[in-house]
Amino acid sequence: MAKEKTTKKTLTKKVSPYNKFMKEELAKVKAAQPGIAHKEAFKKAAQNWASSPENPKNKKDEAK
């Protein structure tokens, strides 16, 4: 008997606000400072996330 071909259904996870922000912010940081190491650029992007209005923790503060 021949094996039946099964098609894999790719389920895409919903991208979190953090992941979306970091992808965009990392590109911005690297564009502003082309020679920066990836680790340093990631640190700067993470610091920007802490004060970003896209951060759900910051949205809760605004509602108060």
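**Surface and overall make-up**

I looked up the accessible surface of the protein first, and it comes to about 6100 Å², of which 57% belongs to carbon and sulfur atoms; the areas come from the Shrake-Rupley method with a 1.4 Å probe, and for residues only the protein chains shown count as cover. I note that this is a predicted model, in which local features need pLDDT of at least 70 and side-chain atom pairs count only at pLDDT 80 or more, while totals for chains, interfaces and linings use all residues. Residues are numbered from 1 along each chain as its sequence is written, and side-chain values use heavy atoms, with hydrogens and water left out.

I then checked burial, and found that buried residues make up 19% of the 64 residues in the protein; buried means under 20% relative accessible area, exposed over 50%, and partly exposed in between (1.4 Å probe, protein chains only). For secondary structure I found three helices and zero strands, running α-α-α from the N terminus on; helices (H or I, at least four residues) and strands (E, at least two) are DSSP runs, numbered from the N terminus. Of the contacts with a separation of 6 or more, 28% are between residues 24 or more positions apart, where contact means heavy atoms within 4.5 Å.

**Aromatic rings**

I searched the whole structure for aromatic pairs and found two. Tyr18 and Trp49 form an edge-to-face pair, 5.4 Å centre to centre with 80 degrees between the planes. This pair links distant parts of the chain, since Tyr18 is in helix α1 (residues 17–32) and Trp49 is in helix α2 (residues 38–50), 31 residues apart. Tyr18 counts as partly exposed because its relative accessibility is 32%, whereas Trp49, with a relative accessible area of 13%, is buried.

The other entry is Phe21 with Trp49, a tilted pair at 5.2 Å centre to centre and 50 degrees between the planes. This pair also links distant parts of the chain, with Phe21 in helix α1 and Trp49 in helix α2, 28 residues apart, and both Phe21 and Trp49 are buried. For the cut-offs, I used rings of Phe, Tyr and Trp (its six-membered ring), which pair if their centres lie within 6.5 Å; planes under 30 degrees apart count as stacked, over 60 as edge-to-face and the rest as tilted.

**Asn55**

What does the side chain of Asn55 reach on Trp49? I found that it reaches the backbone oxygen of Trp49 at 3.2 Å, and that the side chain of Asn55 also reaches the backbone nitrogen of Lys57 at 3.0 Å. I count these as polar contacts, that is, pairs of N or O atoms within 3.5 Å, where within protein one must be able to donate a hydrogen and the other to accept it, and residues adjacent in sequence count only if both atoms are side-chain atoms. Asn55 lies in the loop between α2 and α3 (56–63), and counts as buried because its relative accessibility is 7%. Not counting residues up to four places away in sequence, Asn55 touches Trp49 and Ala50.

**Charged pair**

I looked for salt bridges (a side-chain nitrogen of Lys or Arg within 4 Å of a carboxyl oxygen of Asp or Glu), and the count comes to one. The side chains of Lys43 and Glu40 meet in it, at 3.6 Å from N to O. Lys43 and Glu40 are separated by about one helical turn, because they are three residues apart in helix α2. Lys43 counts as partly exposed at 44% relative accessibility, and so does Glu40 at 38%.
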